[in-house]
Amino acid sequence: MLCFPAGRLYLPQTNNMAEELEHVKCLIIGSGPAGYTAAIYAARADLKPVMITGMQMGGQLTQTTDVENFPGYPGGVMGPEMMEDFRKQAERFGTDIRFGYVSAVDFSGPIHKVIVDDTKTILADTVIISTGASAKYLGLESEQKYNGFGVSACAVCDGFFFKNQDVAIVGAGDTAAEEATYLAKLCNKVYMLVRRDEFRASKAMVHRVLNTPNIEILYNTEAKEILGDEKAVTGVRVFNNQTNEEKDIPVTGFFVAIGHKPNTDIFAGWLDMDDTGYLITNPDSTSTKVPGVFVSGDAQDKVFRQAITAAGTGCMAALEAERYLAAKEYQ
């Protein structure tokens with residue numbers, strides 16, 4: 001009888017060599033609030049989770065400055081610092097955190113095959129996907145320069161910092177309309193830059209925007225450059241795409257609301273997703289159509305997209321993974 005170390009599986013190869021494959025109970029893909037929370041719960045349940053962080057360890061919050069709406073930080077916290085706290089807590093309970101990226105998956109069998117960094121294969125009884133979503137930006141150099149210093153892709157996250165100030169928001173869909181009205185409750189004036197001569201938002205949302213007195217809509221208008229003093233945003237240079245007329249608008253905040261792109265391309269063909277790429281889970285669950293594969297955070301949430309809601313679904317995914325594995329033991 002051959003005995004091998006626990007957690008390792010050796011498969012015969014055609015060249016008479018043996019390829020060593022790692023076999024884990026729970027593999028977590030992604031390291032934002034959803035991934036780290038899933039890791040904390042999975043580790044405490046003795047699932048011995050392995051986390052593949054992705055190329056941006058900690059997710060989008062590592063590019064955020066002040067976070068003031070996450071419970072437990074009464075004085076606020078810097079985004080990178082908060083994610084470092086998450087990481088330490090996950091490691092404290094035994095999560096094996098590895099920097100790298102998942103390049104491919106194979107969910108065809110009862111044991112899930114995950115390729116890491118194009119080279120290493122991991123076999124997993126359960127997989128928790130927490131790859132998040134990335135906000136779409138305009139692509140302006142000045143936009144990236146002041147990202148986190150007046151430029152934001154989340155009005156709910158950062159609107160409070162611009163209370164009683166003038167801000168601009170770009171976008172014409174439901175999200176832009178909703179965030180513009182949210183900002184209007186906090187800010188003195190909201191300039192809404194709409195690229196065409198009409199909105200893409202629903203009639204109800206357009207009606208709400210039109211009936212908010214401190215929102216000024218600039219149709220056929222695009223941002224050309226974010227203006228600043230090297231420390232923070234001081235304005236935005238816009239142009240009318242019909243007349244090419246340019247003007248500078250003094251604002252201290254610039255919000256981008258042109259959509260998000262979920263980081264889910266590698267799961268195409270294996271899991272159900274909507275037209276935008278958000279993964280579809282079963283009702284009232286983080287489970288997918290593939291048994292043993294669960295999704296948490298912004299990879300499946302296109303409505304709320306908050307750190308606290310992502311963390312909540314990370315908890316749910318780990319609990320469901322634990323129950324899935326427990327049920328299999330008794331089958």
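I started with an open sheet of three strands, ordered 15-16-17 with antiparallel pairing. Strands here are DSSP runs of E, at least two residues, and helices are runs of H or I, at least four residues, numbered from the N terminus; two strands pair if DSSP finds at least two bridges between them. Strand 15 (221-228) and strand 17 (246-249) are the edges, each with a single partner strand, so one side of each has no neighbour in the sheet. On average, neighbouring strands are turned by 25° against each other, direction ignored.

This is a predicted model, where local features need pLDDT of at least 70 and side-chain atom pairs pLDDT 80 or more, while totals for chains, interfaces and linings use all residues. Residues count from 1 along each chain as its sequence is written, and side-chain values use heavy atoms, without hydrogens and water.

Next I checked strand 16 (residues 233-240): four bridges join it to strand 17, antiparallel. Phe239 sits opposite Glu246 in strand 17.

Then I went to the helices. Helix 5 (residues 174-186) packs on helix 6 (residues 203-210) at about 30°, axes 9 Å apart (axes are lines fitted to C-alpha atoms, for helices over the stretch in contact; angles run from 0 to 180 degrees between N-to-C directions). That makes the two roughly parallel (angles under 35 degrees; over 145 is roughly antiparallel, 65 to 115 roughly perpendicular, the rest oblique). I listed the contact (heavy atoms within 4.5 Å): Asp174, Ala177, Glu178 and Thr181 of helix 5 with Met205, Arg208 and Val209 of helix 6.
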